[in-house]
Amino acid sequence: MENNLVIKAENSKSYLGFWIYILTDCVVFASLFAVYATLHNNTNGGESAQILFSMPLALTQTIILLTSSLTSGLAIIAALNKHKTRILLWTVVTFLLGSLFLFLELREFNHLASMGDSWRASGFLSSYFVLVGTHGLHILIGLLWMIVLGLIIIKKGLTAKSMKGLVMFNLFWHFLDVIWIFIFSVVYLMGHMGL
Amino acid sequence: MMLANLLGLLNVDSFRHDIIQNVGVGIMTLSIFFASLALTYFRKWKWLFGEWLSSLDHKKIGVMYIIVAVLMLSKAGFDALLMRTQQSLSVGNNHGILASQHYQQIFSSHGTTMIFFAAMGLMFGIINLAVPILIGTRDVAFPWLNSVSFWLFVSGMILLNTSLAIGDFSGAGWLAYPPLSELQFSPTVGVDYWIWSLQIAGVGSLLSGINFIVTILMKRTKGMNLMKMPMFVWSVLGSMTLVVFAFPVLTATITLLYLDRLVGTHFFTSGGGGNPMMYVNLIWAWGHPEVYILILPAFGIFSEIVATFSKKKLFGYTSMVWAIWAIVILSFTVWLHHFFTMGAGADVNGFFGIMTMIIAIPTGVKIFNWLFTMFRGKITFSAPMIWFVGFILLFSIGGVAGVLLAVPPADFQLHNSLFLVAHFHSMIVSGVLFGYFAGIVYWFPKFSGIKLNERLGKIAAYLWILGFIVAFVPLYALGIMGATRRMDHYSPSMGWQPLFIVAGVGVLIIGLGLLTLVSQVLYSVYKHVENKDRTGDPYDGRTLEWSIPSPAPHYNFSILPIVKKTDDFWESKQEKRSRDLVYKDISMPKNSYIGLFLSSGAFALGFGAVWHILWLSIVGLLIILGSVIARTLTEDTEYTIPKEKLILDDIQFYGEGK
Amino acid sequence: MKLAKVLFLVSLPIIFIASIVLYVSHHNAQVFNTAGTIAKDEKSIILFSMFLSLFVLVPVYLMLIIFSVKYRESNKSSKYSPNFSHSKAVESVWWGIPTILIIILSVVTWRSSHQLDPYKMIDSNIKPINIQVVALDWKWLFIYPDKSIASVNSINIPINTPINFELTSDAPMNSFWVPQLSGQIYTMPGMSTKLSILSDKKGSYSGRSANISGKGFAGMLFSVNVVSNSEYNNWIKSTKSSTKVLNDRSYETLSKPTENVQPFTYSFVSADLYKNILGKYTLSDNNMSKVMGM
């Protein structure tokens, strides 16, 4: 009975469509990674990634985001058990973790810009801010999505439609996690190692 | 002061133009005015909004795409006429009718409009009209998303045309290479108009790509497994796969160009750590798949037409499917052939040259398969077949010219010459346009219930074929004579002028051909009583669309068909199969204005982005978000058609017991 | 449609095309009217590709015409096989023959891309002459670094001598193209491309920019004058009597946008000018960046 909500035949069109959308988003990020790879050494006389980026911060952000993926998964499990309150609880936790992630990121962006290392300073920084910033924009959209989902579930309860929305949101949120892993590896880790 | 901030970069000068541009604005404004007048006089506003603008019916959306596309084709065709006139006159001391910058805006607008709004519009129009019916279903997978795609397309189109009246357009060519397209060398809003009309239309295309992939994979009727689909549907699947892989690259790339211009980032600047060559690579990583996106469905249309009008099965079905996927995959491996002259070195150039040639093989295979479909067939040369014949004759020449250009040392000479221009027009006009024209003519009875006048149809095709030869053979020659593209003036000692004049005559012939094509439609509609399609199957067709009444009912199939073989409708006629008359109530999507509303938000976002009017862009963004949320919250999205209505409709068209 | 009618219709475009070809052959078909070794080799490749394409075009056209006429509906005598849609034999022919043609052309492609690589120096006993090319808005600056002279929109080179161009742009992307001497190469700010040519025929050959770079790009015409050795040396001497000198300051004036510039020369050019022009885009010199508006 619970599984029917997820696997319903009409929903499979939406899921396939959403997966294909995720694919297109992957291509967007792939382009931005290609741009970063091409420009990351073009520091225009400024400092390189090794000096500018803080590993502790990047690690913290990573742990926050990965945890938020866990909590969003717990929301799905709550949904499979038809536990409306727990869905909302885990969604709120996910929302808070996501907001914290974004807050830390924006604070770091602001810090860099105030030192003169804004996205106008060099090709390297342009590509850094846009790659990481695009990911952040997606997180923001995820936060908005959680608000809408939460309100729908509060108002209309757990219907087949809201379940579908919850599943698609989860796909989206996990996808952002995967992209972040790549960002962490390519931008922060490799930057830290001077590659 | 406050007002100045409210309007961003807009000022009185944005509305001041030279006389030719003013004439263009005048024509545009008067057309809109008279159309509105007509709608008011005939009291058709409610009909327009209720029946068409809010419709989620794939057939109506298809028709609207085609109407917009033909309008844009005419506008860009007029650009071509201006260009030919300029290049025929501007020799020696004469500088023609256009200032250099205006000329450069015109050819940039010509290319941009033709690719993004004429060709893509015709393509999505035909795909919308035909695909659901060909696979035996009632609508696409996501009908509301379909309407959003269409309205985003319109929104991008309107934004581009606004540049004619307010401000100016890009003069950097249809692909806006930096450094020329950067703020330093293109300080006006023109490039931003280019960026944002493409951005908006591009999202529409992307959504359609997703929509049609899911439709084809998940909504085929019972019994129609993939290898029994009409070849046109395979070609659309291939094209839409290219869309979802290629368009995101365009989205990313032109966003980066916009950021360079808006906030001073250094993605593609010449200095500050920017890399203009990277733009060239990225834009062609989109650009090359784009041309295959356009041509594959046209190939698919020819597959349907040749089989139907030869009364014979398409030759080499399996080969044709493999050829499509070979083309899809290979089209991502050739992009560098657009800039062999950028100095990548012999190994890189050689590799991409060879990959480019390899793509010619599956394309050639398709041509031979079509010809062998004709072999031992019973061929009727109605208008769609005339388009096909023109296609084979002219596209082949363009194709071998392309293989020639794929050899880097040959390209070193002919790159950016009029030889190149003739090559790609051979592909796009005699391939893409001829294919889509043939498709519109072929499927016209199905979506309108009216058969098109054959004589006018053939004359239109002949005029296009003749006009193309007269307009573009001189351009191949001009390339060999050393003529570079995009020149607004040249010296008489080059000896180019007579060829430009001949080419100009060719464009006039093509214009006549377009007028004839449009007249064919208007005249046939005018004489609709005599031209009525009474059987739904005017060509003794092979595929499922000919098994339903003409015009196709809103719900397409009163009874969803069960398919046994490829070309099942033809087979069922040969086997004298009859339908199992089991009717059921059906659900159809309700109309919705949200797509239209969302796209007006997109226009506001784009216009604000172009003119730096922040509040307008924010309002636009909020409208877009609000529309999506509004749709999410809408519960009541479908209505039921009772089976009694279906039975009545069938009896009315076919008579009792069919 | 009868065969006669078809042949008549087909002959019309053939006559049209023939007239165009006739016209071109009586005028300067620059790409084929070669005066340089590179252009000559490139021409052979173009002609060879055209020849190979006949192996595709002729069968396609023949099949189209013959099938259209023979299997048209009104021809009741032709055989009708509505289900003949498969033949491994036939299909292997048209997968096979194009593949062979493409293999041949691929070998030509690989070899010629290397032989005619613009970066490859021309084989010659004669010492090459170096010319540095800078595309500007909207003219061409030519620097002879070994002679310390420069000229705008016109160069003189001696016959049968390899010329090694180094090219850049201090303006948007342009493309250096003298069709009668060789294929083109892009010129880009902050990048230095190379091109080597050799002319074996005296004359004056027209060059242009083959990539749009703004308002005045169509007027970016220059001439390459191929002269005898003594004429070349005399020309170099004559440039020394020019009153103009090209240093950083006069270069700044030169690089301001002008159109349809008549050729002139500089009697002296500073040694590092080309390097400095390149450096404008690759250094992080804040002052330069400010001047360039970045």
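**Helix pairs, chain contacts and loops**

Trainee: Which residues of α12(B) meet α15(B)?

Mentor: B:Ala383, B:Ile386, B:Trp387, B:Gly390 and B:Leu394 sit on the α12(B) side. They meet B:Glu454, B:Gly457, B:Lys458, B:Ala461, B:Tyr462, B:Trp464, B:Ile465 and B:Phe468 of α15(B). Contact here means C-beta atoms, placed from the backbone, within 7 Å. Helices (H or I, at least four residues) and strands (E, at least two) are DSSP runs, numbered from the N terminus.

Trainee: What kind of model is this?

Mentor: This is a predicted model: local features need pLDDT of at least 70, side-chain atom pairs count only at pLDDT 80 or more, and totals for chains, interfaces and linings use all residues. Residues are numbered from 1 along each chain as its sequence is written, while chains are lettered from A and ligands numbered from 1 in the order in which they are written.

Trainee: Back to that pair. What is the angle between α12 and α15 of chain B?

Mentor: About 10 degrees, with the axes 8 Å apart. Axes are lines fitted to C-alpha atoms, for helices over the stretch in contact, and angles run from 0 to 180 degrees between N-to-C directions. The two helices are therefore roughly parallel. That label covers angles under 35 degrees; over 145 is roughly antiparallel, 65 to 115 roughly perpendicular, and the rest oblique.

Trainee: How many nonpolar, polar and charged residues are in that contact?

Mentor: Nine nonpolar, two polar and two charged. Ala, Val, Leu, Ile, Met, Phe, Trp, Tyr, Cys and Pro count as nonpolar, Asp, Glu, Lys and Arg as charged, and the others, Gly among them, as polar.

Trainee: And α4 with α6 in chain B, what angle there?

Mentor: About 15 degrees, for residues 58–89 against 143–165, with axes 10 Å apart. That makes α4(B) roughly parallel to α6(B). Among the residues in contact are B:His58, B:Tyr65 and B:Met72 of α4(B), and B:Asn146, B:Phe150 and B:Met157 of α6(B). By class, this contact has nine nonpolar, three polar and no charged residues.

Trainee: New topic. How many residues of chain C are in contact with chain B?

Mentor: 83, against 80 residues of chain B. α3(C) gives the largest share of the chain C side, 15 residues. That side divides into 46 nonpolar, 28 polar and nine charged.

Trainee: Which domains does the assignment give for chain C?

Mentor: Domain 1 (1–30), domain 2 (35–76 + 87–116) and domain 3 (129–291). The bounds come from an automatic or database domain assignment. The centres of domains 2 and 3, taken over C-alpha atoms, are 40 Å apart. Six residues of domain 2 are in contact with 13 of domain 3. The domain 2 side has three nonpolar, two polar and one charged.

Trainee: Where does B:Asp567 lie?

Mentor: In the loop between α16 and α17 of chain B.

Trainee: Last one, chain A. What follows α6(A)?

Mentor: A:Gly157, with a positive phi near 80 degrees.

Technical notes: Contact = placed C-beta atoms within 7 Å.
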